[in-house]
Amino acid sequence: MRFVLLLTLLLTGCTSLYYNAMEKIGKEKRDILVQRILAGKKDQERAKEQIKTTLEAFQDLTGFEGGDLEKTYKKLNGEFEDAEKRANDVSDRIKSIDQVGSDLFNEWGQELATIKDSTLHARSQQLLRVTRNRHQQYIQRMKQTERKMLPILQGFRDQVLFLKHNLNAKATGSLKTTAAKMDGDVTALVADIEASSKEADAFIQSLAQ
C-alpha cells in the first residue's frame, strides 16, 4: 500500500512538473490536449495503414504459389509485430489524452469556483460541461477503435502461430476463408478510424472557439 501511494505521489509530481514547464513556454493544458489529439490522429492512421499492410501480407501468404515460403512467412510475422506496436501506441495515446483532459477539466472547475460574476460563471460552467462531454465522446470513439483492433490482432496472432507450426503450402491455402473474413473486419476498422479522425477535427475546432 505504501509503495502504491509513493508511486502515485511521484507520478503526480512528475505531471505537475511537466505542466509547470509547459506553462513557462506558453503551453497551457488546452494546448497540450490539442497536441495530443493531433498525435492520436497520427497514431490511429499509422495503425490503420500497418494493419492493412499486415492483411496484404497474410493474403499473399494464403495465395502462395511457389517460392520461398519461410521468407514469405517471416515477412508476415514482421508486419504483424509492427501492427501490434502501432496498436499499443494508440492505447498509450488514449490514456495520455484522457489524462490531460481530466487535469484540464479539474483545473477549469477549480477556477470556475472563483468567478463571482453570476453571468460569467454560468457561461463558463456551460462551456465546461459542453467541452467535457465532447472530450468524453471523443475518448469513447477512440476506445471503440481500440476494441475493434484487438480481435483483428488476435486473429493475425492466431494465424501467424498456426503457420509457424504448419509451414507448408497446403496449410496456407486452407486459410483463404479466414483471410476473406479478416478483410471485412479490417474494412470496418478503417471506417471506424476515419470516423474517429473526423471526431478529433471537430473536437479540436471546438477547443479553438
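Which element gives the most to the lining of the largest pocket? Helix H3 does, with five residues. The model is predicted; local features need pLDDT of at least 70, side-chain atom pairs count only at pLDDT 80 or more, and totals for chains, interfaces and linings use all residues. Residues are numbered from 1 along each chain as its sequence is written, and side-chain values use heavy atoms, with hydrogens and water left out.

The protein has six helices and zero strands. Its elements run α-α-α-α-α-α from the N terminus. Helices (H or I, at least four residues) and strands (E, at least two) are DSSP runs, numbered from the N terminus. Of the 209 residues, 35% are buried. Buried means under 20% relative accessible area, exposed over 50%, and partly exposed in between (1.4 Å probe, protein chains only). The protein exposes about 12,400 Å². Carbon and sulfur atoms supply 53% of that area. Accessible areas come from the Shrake-Rupley method with a 1.4 Å probe; for residues, only the protein chains shown count as cover. Among contacts (heavy atoms within 4.5 Å) with a separation of 6 or more, 82% join residues 24 or more positions apart.

The largest pocket has a volume of about 180 Å³. Ten residues line this pocket, and the closest to its centre are Thr 15, Ser 16, Tyr 19, Lys 29 and Asp 103. Helix H1 (2–24) and helix H3 (69–112) are the elements that give two or more residues to the lining. By class, the lining has one nonpolar, six polar and three charged residues. Here Ala, Val, Leu, Ile, Met, Phe, Trp, Tyr, Cys and Pro count as nonpolar, Asp, Glu, Lys and Arg as charged, and the others, Gly among them, as polar. On a 1 Å grid over the protein atoms alone, a pocket is an open set of points where a 1.4 Å probe fits, with protein on both sides within 12 Å along at least five of seven lines; lining residues have an atom within 4 Å of a point. Grid points are joined across faces, edges and corners, and a volume is the space filled by probe spheres set on the points.

The largest nonpolar core has 46 residues. Such a core is a set of buried Ala, Val, Leu, Ile, Met, Phe, Trp, Tyr and Cys residues joined through side-chain atoms within 4.5 Å. Those with the most contacts inside it are Leu 33, Ile 37, Ile 51, Phe 58, Met 149 and Phe 156. H1, helix H2 (29–62), H3, helix H4 (118–165) and H6 each give two or more residues to this core. H3 gives the most, with 14 residues. Beyond four places in sequence, Ile 51 touches Ala 83, Met 149, Ile 152, Phe 156, Val 186 and Leu 189.

Three further residues were examined. Ser 196 is in helix H6 (residues 176–208). Ser 196 is buried, with a relative accessible area of 0%. Neighbours within four places aside, Ser 196 contacts Gln 44, Tyr 138, Arg 141, Met 142 and Thr 145. Ser 196 and Lys 41 are 155 residues apart in sequence, yet 8.0 Å apart in space, C-alpha to C-alpha.

Gln 159 lies in helix H4. Gln 159 is buried at 13% relative accessible area. Leaving aside neighbours within four places, Gln 159 is in contact with Phe 58, Leu 175, Thr 178 and Met 182.

Arg 93 is in helix H3. With 26% relative accessibility, Arg 93 counts as partly exposed. Residues up to four places away not counted, Arg 93 touches Arg 36, Ala 39, Gly 40 and Asp 43. Arg 93 and Arg 36 are 57 residues apart in sequence and 7.4 Å apart in space, C-alpha to C-alpha.
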